[in-house]
Amino acid sequence: QVQLLESGGGLVQPGGSLRLSCAASGSIASINAMAWYRQGAGLKRESVAVITSGGTTSYAASVKGRFTISRDNATNMVYVQMNSLKFEDTAVYYCYAVVVGIGRNEYRYWGQGTQVTVSS
């Protein structure tokens, strides 16, 4: 079993910054893609940023230039630095990972989510 634990959410004013962290633990041989998704109230869950095991990144158009995803393969961590936050960034942010288990099968996991609220 694998657990993803997010941290770093909170309340921030427009224009402010937050850094979210996600720690993966459990029966992990390696991790392929890692990503951050978000879901605003009444909205569908959407992809925010993705990073491959090799470090290739991609971003939603709405956050490009403001958010930066990174990872530490040695510690199975993924981060997202969020700058110039806007009201519309308010959402629950979820960590997502494609994990290769000890038996070399591939599994997909979600974290429990962390709330980010942008408000003045």
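Student: Does W110 count as buried, partly exposed or exposed, and which value of relative accessibility places it there?

Tutor: This is a predicted model, and the accessibility is computed from it. Buried means under 20% relative accessible area and exposed means over 50%, with partly exposed in between. W110 therefore counts as partly exposed, at a relative accessibility of 38%.

Student: Which residue has its charged end over the ring of W110?

Tutor: For a charge to sit over a ring, NZ of Lys or CZ of Arg has to be within 6 Å of the ring centre. Over the ring of W110, the charged end is 4.6 Å from the centre. The residue that supplies this charged end is R45.

Student: Is Y96 buried or exposed?

Tutor: The cut-off for buried is under 20% relative accessible area. Y96 has a relative accessibility of 14%, so this residue counts as buried.

Student: Which residues do ring pairs link into a cluster?

Tutor: By the ring-centre rule, the count comes to five aromatic pairs. One of the aromatic pairs, Y107 with Y109, is tilted, at 6.4 Å centre to centre and 45° between the planes. The cluster linked by ring pairs consists of Y37, Y94, Y96 and W110.

Student: Which of the two strands, β3 or β9, holds C22, and which holds C95?

Tutor: A disulfide is a covalent bond between the sulfur atoms of two cysteines. Here the count comes to one disulfide, and it joins C22 to C95 with an S to S distance of 2.1 Å. The pair ties together parts that are 73 residues apart in sequence, because C22 lies in strand β3 and C95 in strand β9.

Student: Is the link of C22 and C95 left-handed or right-handed?

Tutor: C22 is buried, with a relative accessible area of 0%, and C95 is buried with a value of 0%. The angle about the S-S bond is -80°. With that angle, the link of C22 and C95 is left-handed.

Student: Where is S21, and which residues does S21 touch?

Tutor: S21 has its place in strand β3, and at 14% relative accessibility S21 counts as buried. Leaving out residues up to four places away in sequence, S21 touches L5, E6, S7, W36, M77, V78 and Y79.

Student: How far from the ring centre of Y79 is the charged end of R19?

Tutor: Y79 is among the residues that S21 touches. The charged end of R19 sits over the ring of Y79, and its distance from the ring centre is 4.0 Å.

Technical notes: Residues are numbered from 1 along each chain as its sequence is written. This is a predicted model: local features need pLDDT of at least 70, side-chain atom pairs count only at pLDDT 80 or more; totals for chains, interfaces and linings use all residues. Side-chain values use heavy atoms; hydrogens and water are left out. Rings of Phe, Tyr and Trp (its six-membered ring) pair if their centres lie within 6.5 Å; planes under 30 degrees apart count as stacked, over 60 as edge-to-face and the rest as tilted. Buried means under 20% relative accessible area, exposed over 50%, partly exposed in between (1.4 Å probe, protein chains only). A charge sits over a ring if NZ of Lys or CZ of Arg is within 6 Å of the ring centre and within 35 degrees of the ring normal. A disulfide is a pair of cysteine sulfur atoms within 2.5 Å. Helices (H or I, at least four residues) and strands (E, at least two) are DSSP runs, numbered from the N terminus. Contact means heavy atoms within 4.5 Å.
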